[in-house]
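The following note sets out numbered remarks on the model shown below. Please read each point against the coordinates.

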Amino acid sequence: MFKIRSVAELSAVGTGPAQEGLVPVTRPLVVEIGREPIMILGRREPRSVSLLFAYATPQDFGDTVRALWQDYRQRLEAQGGAPQEVTALVVGGSDHARWKANKLIATAQKGGAGEVLTASLNGALYRTVRIDPATGEILLREAPVVAAHTNPGSASLTLDDDLTGFGAPGGGDVVANATRFFRHEKTFSALTERVIPQFLQNRPDETFTLWSAACSNGTEAYSYAMYLHRLFTRMKFPPRFRILATDYNRSLVEFAAKGVYEPTKSDLATYRGLFSAYGTVTDKNVAFNDTVKRHITFKQYDLRKLPPSDKFCYIVAANVFQYYQPDARRGLLTNLSHALRPGGYLFANPYSPGMARDAGLEPVGEYQLYHLPCDAR
């Protein structure tokens with residue numbers, strides 16, 4: 001099915017997304033995967049090729065990969081196919097991400113793929129692949145990792161680094177953007193069990209404010225909007241909440257503001273009730289309505305700048321700190337803590353408990369959150 005060939009250079013013609021999800025490949029496509037592994041799925045008759053890419057936290061990676069595989073399997077069976085007809089090729093995964101490659105391999109094997117192949121699994125290399133779905137030819141370029149920072153998987157940024165690769169119109173072609181709804185389950189449990197009950201008890205007439213500080217394509221912001229609207233309603237309070245959703249990448253912010261998505265089949269099946277309550281659902285798409293859209297403001301924003309003048313009850317900055325060096329993480333954490341109102345909560349990772357204490361934050365272990373005490377500042 002696939003013919004793999006190493007090359008010294010690759011043409012950028014046909015560059016496409018290396019974003020989290022299941023992407024059908026219908027034309028020659030060049031994908032920068034950096035140091036992360038990717039799974040290429042192919043079927044001979046009728047010929048079809050798809051990419052399966054997951055860039056998630058260690059806690060979420062396995063669930064994400066299994067959900068994407070299940071989505072692929074459902075699409076395959078809807079077309080009269082079976083997993084036994086599929087060749088799965090896992091490419092890449094530098095030494096630090098080899099466990100992810102192993103998880104992809106195991107998922108394909110347990111999922112019944114007819115053939116599971118691997119290529120270029122070892123070494124700290126920055127990889128680019130070109131996939132031709134018509135011929136099955138895979139061109140692979142391997143290069144030493146340098147501090148160019150055009151892919152977050154290889155980033156070790158300082159607060160002074162240029163973020164052009166993150167924010168250019170084509171930045172979404174390089175940055176791995178999460179597309180699943182309701183990620184980081186503990187942050188939603190914390191809202192139900194701790195944060196909102198406390199807020200309604202202490203400030204029942206005020207507006208609850210949430211900052212999705214690295215909102216990517218907006219699925220996170222819409223997830224919190226649906227959840228909060230339902231939660232306030234069930235607790236018989238007016239849904240007084242406001243969400244600021246920001247990202248450095250302007251094209252992602254513009255996409256998010258439209259509020260139209262093609263969820264995975266797994267998400268569509270799991271959250272169809274919520275999607276229907278807050279939008280229009282078709283076989284593949286969900287278009288959110290003003291019931292939730294009016295609560296969200298999308299803006300382009302650089303987290304390295306001074307925080308917004310607003311003070312927030314809840315800040316979510318998942319998977320941002322991993323791109324930065326420790327000193328830069330400290331600066332980002334200080335900015336985020338200053339954006340919290342006393343008594344507010346922060347979800348961000350990874351950073352050390354000592355760094356959090358220096359920023360005046362206290363751990364809330366069961367939810368993986370940090371809390372700014374009410375008497376702070």
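1. L41 is buried, at a relative accessible area of 0%; here buried means under 20% relative accessible area, exposed over 50% and partly exposed in between, with a 1.4 Å probe and protein chains only. The residue belongs to strand β4 (residues 38–43). Helices (H or I, at least four residues) and strands (E, at least two) are DSSP runs, numbered from the N terminus. Setting aside residues up to four places away in sequence, L41 touches F2, L22, S48, V49, S50, L52, W69, Y72, V86, T87 and A88, where contact means heavy atoms within 4.5 Å. The C-alpha atoms of L41 and V116 are separated by 9.4 Å, although the two residues are 75 residues apart along the chain.

2. On provenance, this is a predicted model, in which local features need pLDDT of at least 70 and side-chain atom pairs count only at pLDDT 80 or more, while totals for chains, interfaces and linings use all residues. Residues are numbered from 1 along each chain as its sequence is written, and side-chain values use heavy atoms, with hydrogens and water left out.

3. As to the overall composition, the protein chain has 10 helices and 19 strands. Of its 377 residues, 55% count as buried. Among contacts between residues at least 6 apart in sequence, 74% join residues at least 24 apart.

4. A cis peptide bond joins E45 and P46, with omega of about -15°. P46 lies in the loop between β4 and β5 (48–53).

5. Helix α2 (residues 98–110) comprises 13 residues and reaches 18 Å from its first C-alpha to its last, close to the 18 Å expected at 1.5 Å a residue; the expected span is 1.5 Å times one less than the number of residues. Its buried residues are K100, A101, L104, I105, T107 and A108. They cover an arc of only 160° around the axis, which places them on the same side of α2; the arc is that of the directions from the helix axis to the C-beta atoms. Exposed residues Q109 and K110 are carried by the face of α2 turned away from its buried side. Just after the helix, G112 takes a positive phi of about 90°.

6. Which residues does T107 contact, leaving aside its neighbours within four places in sequence? They are V65 and W69. T107, in helix α2, counts as buried at 10% relative accessibility. W69 is also among the residues touched by L41.

7. Helix α5 (residues 219–234) and helix α7 (residues 265–278) pack at an angle of about 85°, with their axes 11 Å apart. Axes are lines fitted to C-alpha atoms, for helices over the stretch in contact, and angles run from 0 to 180 degrees between N-to-C directions. That angle makes α5 roughly perpendicular to α7, on a scale where angles under 35 degrees count as roughly parallel, over 145 as roughly antiparallel, 65 to 115 as roughly perpendicular and the rest as oblique. M226, H229 and R230 of α5 make the contact with L274, F275 and Y278 of α7. These residues divide into four nonpolar, one polar and one charged; Ala, Val, Leu, Ile, Met, Phe, Trp, Tyr, Cys and Pro count as nonpolar, Asp, Glu, Lys and Arg as charged, and the others, Gly among them, as polar.

8. Helix α9 (residues 326–338) has 13 residues, which should span 18 Å at 1.5 Å a residue, and its end C-alpha atoms are 18 Å apart, in agreement. Its buried residues are A328, R329, L332, L333, N335, L336 and S337. The elements covering them include β10 (208–212), β16 (312–317), β17 (340–348) and α10 (353–358).

9. R183 is placed in the loop between α3 (164–167) and α4 (185–202). Is this arginine buried or exposed? R183 is buried, with a relative accessible area of 9%.

10. K236, in the loop between α5 and β11 (241–247), has a positive phi of about 60° although it is not a glycine. At 75% relative accessibility, K236 counts as exposed. Q368, in the loop between β18 (362–364) and β19 (369–371), has a positive phi of about 55° and is likewise not a glycine. Q368 is partly exposed, with a relative accessible area of 38%.
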